[in-house]
Amino acid sequence: MFTGFFYTLKDAGLKISMHEWLLLMNALREDLAHSSLLGFYRLCKAILVKTEADYDKFDFAFLSYFDGIATSDEMAEEFWKWLTEDVHIRDIKDHTMLDDYLLELEELRQRFEERKKEQRECHHYGNYWIGTGGTSTMGHGGYHERGLRLGGEGRHKSAVQVAGERNFKDFRQDNILDIRQFQIAFRKLRQFSTNNDAPKTELDIDATVNKTGDNAGRLSLMWKPPRKNRLKLLVLFDSGGSMLPYSRLCSRLFQSIRKSNHFSDIKIYYFHNCIYEHLYTTPACRRERWVPSDFILKNLDSEYRMILVGDGTMAQSELLSKGGNATLGMYNETPGIEWLQRFRNQYQKAIWWNPILRKNWGIIYGHETIRILHEMFPMYELTIDGLEEGIKKLLSNKMY
Amino acid sequence: MKKSDNNFNGTEAYVASEDLQNAVNIAIALKKPLLVKGEPGTGKTMLAMAISKQLGKDLLIWNVKSTTKAQDGLYLYDTVQRLYDSQFGEGDVADIGHYIRLGKLGEAFTAETQVVLLIDEIDKADLEFPNDLLWELDAMEFYINETKETIRAINRPIVIITSNAEKELPDAFLRRCIFHYISFPEADMMQEIVKVHYPDLDEQLLHHALDAFYRLRGENSLQKKPGTSELLDWLQALVLMGIPLDKIKEMPYIGVLLKKNQDIDTWAEIQEKGYSRNQWL
């Protein structure tokens, strides 16, 4: 059943396994779709779609497969007033539908025209006249599966209409590294050790056995602190103007780092194109919201692993000259490259992630500075592969 | 249409959209866990309570924390107590079963009547946590190594799992769930929800407040957008302080709605200049 629909969904890029499809068939056998298209739509959505990011793809596929079943609503002016009057909720079990249940749309329209001529008064809850809250095929707020809706709000929308609205368009996330991918990659950054000050909550079996033996069998429990990740991370983001196109990608990277709770310490700072006397504490890189670079070098010991994120494109003077700092009114006595070298020397385990794809490093504007930085730091592109390579590098013992 | 007693359609205190009711009923009928995702403050946790209330079943809540392991939900073997007891000759040390403490999942399986089990904020735990529960949720049974005993569900519990929209869950786990995303309620739905909490609220005030509220929510540079509970608190503040209607759009007591200093700064910046540069944070 609906095998064509299955492939339509597959083509739309939804990951649907046989497991879910069989479950859907099972649900249909139990009549969970209530033999209506809207019910079927909801059933499929609940069973087959597993993230709100895919709701839009699903709506689109459903629409393309079941399109042509949509009904139009034309509204007669004279009915408008009755119909926008109050609407009552009807007990869901009330199914007294007339035998015109399976009318075709054309017939329905005809019958509507006829009844419009007959009807002379306001009407609610009926199953024949045009009115609200009823089960007749015409009116609104009603419960007929295939009726004409006239005025008011569509409380019980038809499936094709609902799908047609595609309310979840904003959630699509094609082709961008998502946060889980980042997080999974970061999980590999672990360096377990029990050398920490955490409370001793784990039973140390070896020590307990020894101690109990020493005590001639009298039980003596020994405890130890649980193993913990000791990895410390220093992350420096370039937040200069040329990084603007990559801000979404960087923002995801940023969020996944910030949410990782398994590092023993994470420090995040920002710089504008290159590191000089100060590192900023906010991405806006404003004066006074900064800490001196010297302070960081003094206070964060060499155990920290350093991750630099930036495109590395800038004017050569910004990297190589005194006073190259492009920020208005700032003059640096020490060229940027000297600062970078100081960080490099202190943090032996350092990598650079570049949102520009590797194949463009040699040709893009600013390729000279990328080349210089690439010689200084192991540089990777910010893709899934680059992410993994970079993390492998961060964990390996020899860096140069 | 087949009718069953287990039919959920919202309670007086909990306004559920039709899509959500439907998802709940599908999950109950198919005997699958229902995974509910959505922004904080969309009533995910409340859902399980409403279901348990309406269907008249007991509710068990398993609050997941960052240190929670799958095993915690099944059972714990209290070795230390047993060792101590053996030392001092107290209790029935020979009976290991005496030292097995069932977790929430175990409790739900062994309950005499069907219960509603809420596994709250599953995404807080380790990334592998959901995978470790696959078999237990599928077959509704687990094995206790120490007593060589299998705990099998007497009545399959109705399992509701909530997750904040922040972290993604593994595919294998998702395949076994019915999924529903509670989108943030639109203004008219929100109106209903507010009325459940404050039945006597002035229509005009509510209208103005909702206008301002949704304008604030429309601001993408905010880190943490205000949710339903913040709105309810804010409305209460407005009523208590007797704020005149035309002042509401200036958003007094913004601190009730925005909980982060940065967001308050961002909002002030937007009011002043019409945009903000704090887009990364």
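User: Which residue stands opposite B:Val116 in S8(B)?

Analyst: That's B:Ile158. This is a predicted model, where local features need pLDDT of at least 70, side-chain atom pairs count only at pLDDT 80 or more, and totals for chains, interfaces and linings use all residues. Residues are numbered from 1 along each chain as its sequence is written, with chains lettered from A and ligands numbered from 1 in the order in which they are written.

User: OK, and how many bridges join S5(B) to S8(B)?

Analyst: Four, and the two strands run parallel. S5 covers residues 116-120 of chain B. Strands here are DSSP runs of E with at least two residues, helices are runs of H or I with at least four, and both are numbered from the N terminus. Two strands pair if DSSP finds at least two bridges between them. Another bridge partner in S8(B) is B:Ile161, which goes with B:Ile119.

User: What else does S8(B) sit beside?

Analyst: S1(B), through five bridges, again parallel. There B:Leu35 stands opposite B:Ile161.

User: Why is S8(B) called largely enclosed?

Analyst: Because six of its seven residues, 158-164, are buried. Buried means that 20 or more other C-beta atoms lie within 10 Å of a residue's own; exposed means 12 or fewer, and partly exposed is in between, with C-beta atoms placed from the backbone.

User: What order do the strands of that sheet come in?

Analyst: S2-S5-S8-S1-S9, all from chain B, in an open sheet of five strands with parallel pairing. The edge strands are S2 (59-63) and S9, each pairing on one side only. Neighbouring strands are turned by 20° against each other on average, direction ignored. For that angle, axes are lines fitted to C-alpha atoms (for helices, over the stretch in contact), and angles run from 0 to 180 degrees between N-to-C directions.

User: And what holds strands together in general?

Analyst: Strands of a sheet pair through backbone hydrogen bonds, either parallel or antiparallel.

User: Back to S9(B). How many of its residues are buried?

Analyst: Five of the five, residues 178-182, so S9(B) is largely enclosed by the rest of the structure. B:Ile178, B:His180 and B:Ile182 point one way, while B:Phe179 and B:Tyr181 point the other way. Five bridges join S9(B) to S1 (residues 34-38) of chain B, running parallel, and B:Gly38 stands opposite B:Ile182.

User: Which residues touch the most others in the largest nonpolar core?

Analyst: A:Leu43, B:Leu34, B:Ile51, B:Leu117, B:Ile160, B:Ile161 and B:Ile178, out of 65 residues in that core. Helix H3 (residues 37-48) of chain A gives the most to this core, with eight residues. Apart from it lies another core, of 44 residues, among them A:Val235 and A:Tyr280. A nonpolar core is a set of buried Ala, Val, Leu, Ile, Met, Phe, Trp, Tyr and Cys residues joined through C-beta atoms within 7 Å.

User: What is B:Ile51 in contact with?

Analyst: Leaving aside neighbours within four places in sequence, B:Phe8, B:Val24, B:Val116, B:Ile158 and B:Ile160. Contact means the C-beta atoms, placed from the backbone, lie within 7 Å.

User: Switching topic: how many helices and strands does each chain have?

Analyst: Chain A has 15 helices and 14 strands; chain B has 13 helices and nine strands. Of the 400 residues of chain A, 31% count as buried, and for the 281 of chain B the figure is 30%.

User: Show me a helix. Which residues of H10(A) are buried?

Analyst: A:Cys250, A:Leu253, A:Ser256 and A:Ile257. They cover an arc of only 130° around the axis, which puts them on the same side of H10(A). The arc is that of the directions from the helix axis to the C-beta atoms.

User: Why would they line up like that?

Analyst: An α-helix has 3.6 residues a turn, so residues three or four places apart point the same way.

User: Last one: what's the phi of A:Asp31?

Analyst: Near 60°, a positive value in a residue other than glycine. Most residues other than glycine have a negative phi. A:Asp31 lies in the loop between H2 (18-29) and H3 of chain A, and counts as exposed because it has 12 C-beta neighbours inside 10 Å. A:Asn273 also has a positive phi, about 70°, but counts as buried, with 27 such neighbours.

Note on methods
Two residues are in contact if their C-beta atoms, placed from the backbone, lie within 7 Å.
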